[in-house]
Amino acid sequence: CPGSAPLLSKSLKTRQRYGEFGAAALAAGMLAARSAEKSLASVVGNLHEPRAEGYASLSLGLMGAKERVPQLRKNLWTNSSTLQFGVPVGLAYIDARATAKWLDAKLLETRRDSARGHPEPASRAAAGRAVPQRSPHR
């Protein structure tokens, strides 16, 4: 759709309404509108807009944005709000086998960390997003 690019770009940049942004993001992904990739990628990792982030991640997956895999993986592993739907599904659309293999390795790493007595995955602590520990006095 040649005339859709300006409309999609406007909706993706304003992000005033989740419904409008979500529809524009999904349309960009289904149309493989690479011109929207930069706008979509800027939303990934934004902790203040988890729904928009999910739509953006899903859209990047639909358009097959392989160069965004490191950004999506980092965000998936260090930000628990991304487990809603968008990031894992977006990664699976890009490369399901590689995503499954990567997740398996990360889960194995987490189990090893837990067996050693670490309270949280090392990758999450290294990213500066440590999970608060409960007080033993509760």
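The model is predicted; local features need pLDDT of at least 70 and side-chain atom pairs count only at pLDDT 80 or more, while totals for chains, interfaces and linings use all residues. Residues are numbered from 1 along each chain as its sequence is written, and side-chain values use heavy atoms, with hydrogens and water left out.

The chain holds 7 helices and 0 strands. Its elements run α-α-α-α-α-α-α from the N terminus. Helices (H or I, at least four residues) and strands (E, at least two) are DSSP runs, numbered from the N terminus. Of the 138 residues in the chain, 38% are buried. Buried means under 20% relative accessible area (1.4 Å probe, protein chains only). The chain exposes about 8,400 Å², of which carbon and sulfur atoms supply 56%. These areas come from the Shrake-Rupley method with a 1.4 Å probe. Among contacts with a separation of 6 or more, 59% join residues 24 or more positions apart. Contact means heavy atoms within 4.5 Å.

The largest nonpolar core has 24 residues. Such a core is a set of buried Ala, Val, Leu, Ile, Met, Phe, Trp, Tyr and Cys residues joined through side-chain atoms within 4.5 Å. Leu12, Phe21, Ala28, Leu40, Leu60 and Leu72 touch the most other members. Two or more residues each come from helix 1 (4–14), helix 2 (18–30), helix 3 (37–43), helix 4 (50–62), helix 5 (69–78) and helix 6 (86–115). Beyond four places in sequence, Leu40 touches Leu12, Phe21, Ala25, Ala28, Ala56, Ser59, Leu60 and Met63.

Helix 4 has 13 residues and should span 18 Å at 1.5 Å a residue; its end C-alpha atoms are 18 Å apart, in agreement. The expected span is 1.5 Å times one less than the number of residues. Buried residues of helix 4 include Ala52, Glu53, Gly54 and Ala56. Ser59 also lies in helix 4. Its relative accessible area is 0%, so Ser59 is buried. Leaving aside neighbours within four places in sequence, Ser59 contacts Ala25, Ala28, Gly29 and Leu40. Just after helix 4, Gly64 takes a positive phi of about 70°.

The axes of helix 4 and helix 6 come within 7 Å and cross at roughly 5°. The two helices are therefore roughly parallel (angles under 35 degrees). Helix 4 makes this contact through Gly54, Ser57, Leu58, Leu60, Gly61 and Leu62. Helix 6 contributes Gly86, Val87, Val89, Gly90, Tyr93 and Ile94. Axes are lines fitted to C-alpha atoms, for helices over the stretch in contact, with angles from 0 to 180 degrees between N-to-C directions.

Definitions and conventions
Buried < 20%, exposed > 50% of the residue type's maximum accessible area, 1.4 Å probe, protein only. Parallel < 35°, antiparallel > 145°, perpendicular 65-115°, else oblique.
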